[in-house]
Amino acid sequence: MTILVTGGAGFIGSNFALEWVAHSDEPIVNLDKLTYAGNLQNLASIADNPQHVFVQGDFGDTALVNHLLATHQPRAILNFAAESHVDRSISGPGDFIHTNIVGTFNLLECTRAYWGGLKADTGGDAKAAFRFLHVSTDEVYGSLSKTDPAFTENNKYEPNSPYSASKAASDHLVRAYHHTYGLPVLTTNCSNNYGPFHFPEKLIPLMIVNAQAGKPLPVYGDGQQIRDWLYVKDHCSAIRRVLEAGTVGEVYNVGGWNEKPNLDIVHTVCALLDELKPRTDGKPYHEQITYVTDRPGHDRRYAIDARKIESQLGWKPAETFESGIRKTVQWYLDNPDWVANVQSGSYKDWVAQQYGAKA
Ligand code: NAD
Ligand code: TYD
């Protein structure tokens, strides 16, 4: 038995790979193109673990994906690979269309052929047991007003950014492959994640890193936009649970009931830094907060109703927001080399040095 993940050197995928190795003996094949967001340094602790096989490559490469499926015969494919940063999707949507839509389409096509060839009578019904799990976002549902109820799995899709539109398209393709071809799919739509290995151009890591560097903490618009935050390892446990027990064809919203305005998040990060690594001049970090021009088309509020995954699959997050954010700030304080490498781009050199031909 083996699972194949795509995008497993990114923020969530690398946390998933580390957690998988910690929770299971089953091999994991990790296909990642290593774009700016992919970082093998995240996987350093399992680099020599034979349970984890890393392959640098594109999930849009038909020959490569077919080769990996034929060689490793996975019982499940988990699709994390994506272009994921909303701001980048506004300045350059092309990569998002290519990766999130066309890439996922290619992965589905390869999977359909592979799954179609699985024999129903081998390995205790490998064909029926096979799963394609697609990792998606709550942003496909669009924006809520302050008083709207949180997103359930029945909300209609109203994506507003090129990122969320491209993820919505990929979700629709996954759904269509189930309805049209019977492919055994599962989809998860999760709220904003935070935690270790988060690329420092997203809100929480950017604030931690900029604060320490004495730089401005840029808050878009009035800072009253609301996001619903989940510690990344809790997202990973939800994905493992959906893979294990989810009903084929179903969608599961994943979230931890942690709605917070952006400004509150920034103040929380500042207060933790004041406690854990005070400024040398004794002043509070929140003095670095700077209001900047709002993001075009900025969604006002996201909120996840997680009752389905909680009641049907018995999943619950392990961290509160308070415990998770403290761990996260501490992780960034403990890993200045990771931050420096990611910021300088020199982690590509580091990877070449550490991994040589393996990368
Ligand atoms: P990320 O940008 O940190 O990582 C994406 C990974 O995909 C990178 O390692 C990158 O190298 C890889 N990749 C990109 N194009 C590829 C290609 N063509 N072939 C193979 N690999 C490729 O993103 P993330 O934050 O880890 O998000 C992972 C998934 O979870 C995405 O699908 C995203 O939409 C979804 N998601 C993210 C969040 C969040 O808060 N970050 C929340 C909900 C859902
Ligand atoms: P981000 O981390 O980019 O995630 P997403 O856009 O997928 O929700 O942004 C989270 C929120 O923080 C979002 O409302 C935009 C806001 N934001 C800022 O105010 N300043 C920043 O520098 C960044 C990166 C984001």
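Which helices and strands are included in what covers the buried residues of H7? The first legend takes up this point, and the model shown throughout is predicted.

**Figure 1. Helix H7 and its cover.** Strands S7 (192-194), S8 (217-220) and S9 (226-231) are included in what covers the buried residues of H7, together with helices H9 (262-276), H11 (321-334) and H12 (336-344). Helix H7 spans residues 203-212, and because 7 of its 10 residues are buried, the helix is largely enclosed by the rest of the structure. The buried residues are Ile 204, Pro 205, Met 207, Ile 208, Val 209, Asn 210 and Ala 211. After H7 comes Gly 214, which has a positive phi, near 75°.

**Figure 2. The chain as a whole.** The chain holds 13 helices and 12 strands. Its radius of gyration is 20 Å, which agrees with the value near 21 Å that a compact globule of 359 residues would have. Taken along the principal axes, the box filled by the C-alpha atoms is roughly 70 × 50 × 40 Å. Of the 359 residues, 54% count as buried. Among contacts between residues at least 6 apart in sequence, 81% join residues at least 24 apart. The chain exposes about 15000 Å², and carbon and sulfur atoms supply 52% of this area. There are 31 positive and 40 negative charges, and their mean positions lie 1 Å apart.

Figure 3. Asn 79 counts as buried because its relative accessibility is 1%, and the cut-off for burial is under 20%. Two polar contacts of the Asn 79 side chain are shown: one with the side chain of Thr 104, at 3.5 Å, and one with the side chain of His 134, at 3.3 Å. Leaving aside neighbours within four places in sequence, Asn 79 is in contact with Thr 6, Phe 59, Thr 104, Leu 107, Phe 132, Leu 133, His 134 and Val 135.

Figure 4. Arg 295 is located in the loop that runs between strand S12 (289-292) and helix H10 (307-313). Although placed in a loop, Arg 295 is buried, with a relative accessible area of 17%. The side chains of Arg 295 and Asp 87 are joined by a polar contact of 2.7 Å. Not counting residues up to four places away in sequence, Arg 295 touches Val 86, Asp 87, Ile 90, Tyr 220 and Arg 227.

**Figure 5. Asn 160 and its polar contact with Asp 299.** Asn 160 occupies the loop between strand S5 (131-137) and helix H6 (162-181). With a relative accessible area of 46%, Asn 160 is partly exposed. A polar contact of 2.7 Å links the side chain of Asn 160 to the side chain of Asp 299. Residues touched by Asn 160, not counting those up to four places away in sequence, are Gly 142, Ser 143 and Asp 299. Phe 321 is 161 residues from Asn 160 along the chain, and the C-alpha atoms of the two are separated by 27 Å.

Figure 6. Glu 250 sits in the loop between helix H8 (232-245) and S10. Its relative accessibility is 31%, so Glu 250 counts as partly exposed. Leaving aside neighbours within four places in sequence, the contacts of Glu 250 are Val 185, Leu 186, Thr 187 and Lys 308. The C-alpha atoms of Glu 250 and Leu 118 are separated by 22 Å, the two residues being 132 apart along the chain.

Figure 7. Gln 73 is not a glycine, yet its phi is positive, about 45°. This residue lies in the loop between helix H2 (62-72) and strand S4 (76-79). Gln 73 counts as partly exposed, at 45% relative accessibility. Trp 257, likewise not a glycine, has a positive phi of about 60°. The loop that holds Trp 257 runs between strand S10 (251-254) and strand S11 (259-261). Trp 257 counts as partly exposed, at 44% relative accessibility.

Methods. Residues numbered from 1 in each chain as written. Chains lettered and ligands numbered in written order. Predicted model: local features only at pLDDT ≥ 70, side-chain atom pairs only at ≥ 80, totals over all residues. Heavy atoms only, no water. Helix = DSSP H or I, 4+ residues; strand = E, 2+ residues; numbered from the N terminus. Rg over C-alpha atoms; globule rule 2.2 N^0.38 Å. Buried < 20%, exposed > 50% of the residue type's maximum accessible area, 1.4 Å probe, protein only. Contact = heavy atoms within 4.5 Å. Areas by Shrake-Rupley, 256 points an atom, 1.4 Å probe, with all protein chains shown as cover. Lys, Arg positive; Asp, Glu negative; His and termini not counted. Charge placed at Lys NZ, Arg CZ, Asp CG, Glu CD. Polar contact = N/O pair within 3.5 Å; in protein donor to acceptor, adjacent residues only side chain to side chain.
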